[in-house]
Amino acid sequence: MDYTRNEARRWARATLHGFYDAPLTPFTHDGEVDAPALRHNIDAFVAMGMEGIAVGGFIGEAWNLTLGEWMHFHELVADANAGRMQLATIILDPSARQAVEKIEFTRKLGYSVAEVMNPSVQLKSDDEIHSFYKYITDRTDMAVVLYRTPVSGTVLSLELMQRLTELPTIIGVKQGSLRRSDTYKLRRELPDDFFVSEPMEQYFLDDLRMDYWFVQWAAYHYTVFGKLRPLIRAYMVDAKAGDWDAAQSKWLSLRPASAFIEDMTVWELMRTGTYASAFTILKPWYDAIGLKGGHVLGPVAEVPQQRREWLAGKLTELGIA
């Protein structure tokens, strides 16, 4: 890592900007990580200008891996990346001891950040969750990002987050409550050197207009725009140049695609409360935009062929593929 534990916030502020998507993991029909497909995708992410990727979470189906598979996957990612992008891991384990073991394993592979979700079982009170993160951050120097989401079963309170920002290696949060008012409140009340990332593209221009620290953390709202990705970069350039009319025009042109992306993913997640079935649609989506989606790990079902064909048509119609 390029920082000490007491430098984590300063390092994050200077380093973490732009897009850090959480990509899918391509699997073979037999349930193995498809290493050539994974390498193809990582090469593509570099070519897209992605600043980094965050792997090991729900979108990448890591919840469905054994510990050995999880570790091997992280080795494959580090090898394929070869130092070209920043790498982050995502920790979903309710065991603080297992979380530390995973974080230290990835640190030795060259990963620089760990997103750590609060436990989905047992540790539910503010004091218990604080103790969970303190246990982890006392035992590793790696920078930690929180994940504020109803999927964990307990959405982190403002009061708890204010306490957590006192831990020096906790650098930011992915704000996944889907309430924009929460984002504004957290940004007002939490320290300026702690980022609150709003992952959905519809809010990117608003964040730029407010001159907020821009980091799209551990989502997919850059990759899945496919052929329309250059328009996102273009309106960001216009915004930074102060040409807000041009930026707004480009942003507005993306509304149909953005709405479709949210309808197919975010709102399906909110309807079901699970990533497992809601995000399988991104497998054929990846295939349609030139990436390798691969197979879905059982027991989750594959997307039926008829729905794949429908999706390909919609993505072409919207200019995404």
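Predicted model: local features only at pLDDT ≥ 70, side-chain atom pairs only at ≥ 80, totals over all residues.
Colleague: Where does P26 lie?
Modeller: In the loop between β1 (18-21) and α2 (35-48). Helices (H or I, at least four residues) and strands (E, at least two) are DSSP runs, numbered from the N terminus.
Colleague: Is P26 buried or exposed?
Modeller: P26 has 0% relative accessibility, so P26 counts as buried. Buried means under 20% relative accessible area, exposed over 50%, partly exposed in between (1.4 Å probe, protein chains only).
Colleague: What does P26 touch?
Modeller: Leaving out residues up to four places away in sequence, P26 touches E32, V33, D34, A37, L38, N41, K283, K292, G293 and G294. Contact means heavy atoms within 4.5 Å.
Colleague: Switching to H74. Which helix is H74 in?
Modeller: Helix α3 (residues 67-81). H74 counts as buried because its relative accessibility is 0%. Beyond neighbours within four places, its contacts include F105, L109 and Y111.
Colleague: And how do α4 and α5 cross?
Modeller: The axes of α4 (residues 96-109) and α5 (residues 126-139) come within 9 Å and cross at roughly 30°. Axes are lines fitted to C-alpha atoms, for helices over the stretch in contact, and angles run from 0 to 180 degrees between N-to-C directions.
Colleague: Which residues make the contact?
Modeller: A96, R97, A99, V100 and I103 from α4, with F132, Y135, I136 and R139 from α5.

Note on methods
Residues numbered from 1 in each chain as written. Heavy atoms only, no water.
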